Amino acid sequence: MQYDLKRLGRDLADLVGKENAFTDRPTAMAYAKDTMPWDVEAHHVPYAVVRPADSREVSAVLRYANQRAIPVHTHGSGTSLVGLGRPKTNAIVLDTGRMQKLEIFPERGYFEVEAGMHIGKLRKALAPHKALLPIFPGSEPVATIGGSVAVNTSAHAVDASLCKPGDYVLGLEVVLASGEILNTGTESTRKPAGIEATKFLVGSEGLLCVITKIRMRLIPLPRMANIVAYFSSTEEILDTVMAMYREGIPTPLFFEYLDEKSAPVGFSAVGLDPPQGAVAMMSMHSATAAGCEARAQVFLDFLKRQKPLEAEIVADAARWGKIWSSRAEAGNYVYRLGSTFGSEITPRVDRLKEAFAEARQIILNLDSVKGNEFYSFGHIGAPTIHAYAFIPSKEIPNAVKKAVTLEVREKTEALNIKYGGCGGEWGLTAQRAGFLGKKYGPAYTAFLTGLKKTFDPNNILNRGNLEGWL
Ligand SMILES: Cc1cc2nc3c(=O)[nH]c(=O)nc-3n(C[C@H](O)[C@H](O)[C@H](O)COP(=O)(O)OP(=O)(O)OC[C@H]3O[C@@H](n4cnc5c(N)ncnc54)[C@H](O)[C@@H]3O)c2cc1C
């Protein structure tokens, strides 16, 4: 449907102020682009972008759009890795970036934050209160708290070790598609038992509501002890993860790895000698230094039983800083020096090694591209296999980028079906909507569609993501 853009712009300016409503092409193009590797197409480009100040303005925009059945796409920072961040149909993009208010209430045991604050900024603000924010995406400097709660992602092995962020969300302020403002949850640190709206809305990926404010527990900041282990092969790290779960060894908060190809890249980038084989790095948490030391020793003893080339507790903070950042640097290398097509496989833990072997074969034998390389690094302790197809060039035709993305997505999601996983990060619709249908069947799809219809009868919120449009 075509809209009178001048009129739309004027109406939206009345709702959020003219300095916060845009219909110009350059702004629209900036919000059409996200981390999806292929170029923007005409249907991605928004009609307008609004930057509301608070829930009242969000409510006014949604009420306006809902009455006219105009799609609205919620934008946190647009860093989604499965295409959630790009509008799938011409829409009003609602950018939460101006909603930044934070109130910390130590005496109540929680903080309240508006959706648009960046994770990195929030973590800094919580530091004087010795509070842990249990959300650690690699995009932390720019990803928003609203986007992260909307996806319910913790990253690393945090959910295996602590919980998902949603488990610490006490309540939400959200705006429904109708424009109604809903407050959920409790001001107590005791979460409600039974049927309660917060748990439906956390992780709802902008399909059911716009989250405007989050009330979250202040989690006491733990101490950390760090361990590095060098193995002759990635397979030995996979064996170690499987043994950790089998033997009931306490899971580290962070348990990352670099495979044989990534390890020399990452280590060289931070000025460390390239290691032989693959590297695992782990952080153990506890309330006290003595607790950390004891936990780290238990883990080190366990690691040594797995026969690594070498394993040690790293007490020197500067050295640990280098080892830890080698993981991000390996990522930067593959992202910057070529084209990277990622995947996320979360197999049943006893089948981790089988799933990894199959993922490697899939990536090395793609139909849509030949001669690509295989890299793997990331949150193995969770367990998560991030299997990357790396093409050492950025000069790839758009059609090939799209074909490789979709082939990698489809074939690696088939591994999630085969090996029992369902994506621990990044969210489950947009590029992953087809996977949900295949894994759970039509009754599940109908259930989600019905839920969406109840909250959003005109399907204005993030239209296309549940449908799997590209
Ligand atoms: C380098 C890099 C590393 C990353 N590392 C990780 C990682 O380790 N783990 C991981 O899980 N992800 C990771 N990501 C993906 C992404 O950064 C996270 O999922 C992040 O939480 C998304 O936040 P965002 O603010 O960018 O949300 P967006 O991408 O803007 O939005 C994500 C989804 O949430 C919806 N949404 C956003 N804000 C709201 C709101 N206020 N109310 C309702 N819906 C909303 C959007 O409509 C969209 O559907 C990474 C991305 C990059 C680029």
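Two residues are in contact here if their C-beta atoms, placed from the backbone, lie within 7 Å. Leaving out residues up to four places away in sequence, Ser 233 touches Glu 260, Gly 277 and Ala 278. Please keep in mind throughout that this is a predicted model.

## Two loop residues

Ser 233 sits in the loop between β12 (223-231) and α8.

Pro 192 is another loop residue, found between β9 (181-183) and α7 (198-201). Around Pro 192 there are 15 other C-beta atoms within 10 Å, and it is partly exposed. Once residues up to four places away in sequence are set aside, Pro 192 touches Gly 185 and Thr 186.

The table pairs each of these residues with a partner elsewhere in the chain.

| Pair | Separation in sequence | C-alpha to C-alpha distance |
|---|---|---|
| Ser 233 and Gln 276 | 43 residues | 8.8 Å |
| Pro 192 and Ile 227 | 35 residues | 38 Å |

## The chain as a whole

Stepping back, the chain holds 15 helices and 18 strands. Its radius of gyration is 23 Å, close to the 23 Å that the globule rule gives for 470 residues, so the chain is as compact as a globular protein of that length. Along the principal axes, the C-alpha atoms fill a box of roughly 70 × 60 × 45 Å. Of the 470 residues, 49% count as buried.

The largest nonpolar core has 118 residues. Val 50, Val 61, Val 72, Ile 92, Ile 211, Ile 214 and Ala 359 are the ones with the most contacts inside this core. Which residues does Ile 92 contact, beyond its neighbours within four places in sequence? They are Pro 46, Tyr 47, Ala 48, Val 50, Val 61, Ala 65, Ile 70 and Val 72.

## Domains and a contact between two of them

The chain is divided into four parts: domain 1 (5-98), domain 2 (107-220), domain 3 (223-336) and domain 4 (339-426). Taken over C-alpha atoms, the centres of domain 3 and domain 4 are 22 Å apart. Their contact takes 23 residues from domain 3 and 16 residues from domain 4. On the side of domain 3 that touches domain 4, two or more residues come from each of α8 (234-246), β13 (254-258) and α11 (317-336). The largest share of that side, eight residues, belongs to α8. By class, this side of domain 3 has 13 nonpolar, four polar and six charged residues.

## Around the ligand

Now for the ligand. Of the 33 residues around the ligand, Gly 76, Gly 138, Gly 146, Gly 147 and Gly 206 come nearest. Domain 1 and domain 2 each give at least three residues to this shell. Within the shell, at least two residues come from each of β3 (72-75), α5 (145-151) and β10 (210-217). Which element supplies the largest share of the shell? That is α5, with five residues. As for residue classes, the shell around the ligand has 11 nonpolar, 20 polar and two charged residues.

Terms used. Residues are numbered from 1 along each chain as its sequence is written. This is a predicted model: local features need pLDDT of at least 70, side-chain atom pairs count only at pLDDT 80 or more; totals for chains, interfaces and linings use all residues. A residue is near a molecule or strand if its C-beta atom, placed from the backbone, lies within 6 Å of it. Helices (H or I, at least four residues) and strands (E, at least two) are DSSP runs, numbered from the N terminus. Ala, Val, Leu, Ile, Met, Phe, Trp, Tyr, Cys and Pro count as nonpolar, Asp, Glu, Lys and Arg as charged, and the others, Gly among them, as polar. Domain bounds come from an automatic or database domain assignment. A nonpolar core is a set of buried Ala, Val, Leu, Ile, Met, Phe, Trp, Tyr and Cys residues joined through C-beta atoms within 7 Å. A residue is buried if 20 or more other C-beta atoms lie within 10 Å of its own, exposed if 12 or fewer, and partly exposed in between; C-beta atoms are placed from the backbone. The radius of gyration is taken over C-alpha atoms; the globule rule is 2.2 Å times the number of residues to the power 0.38.
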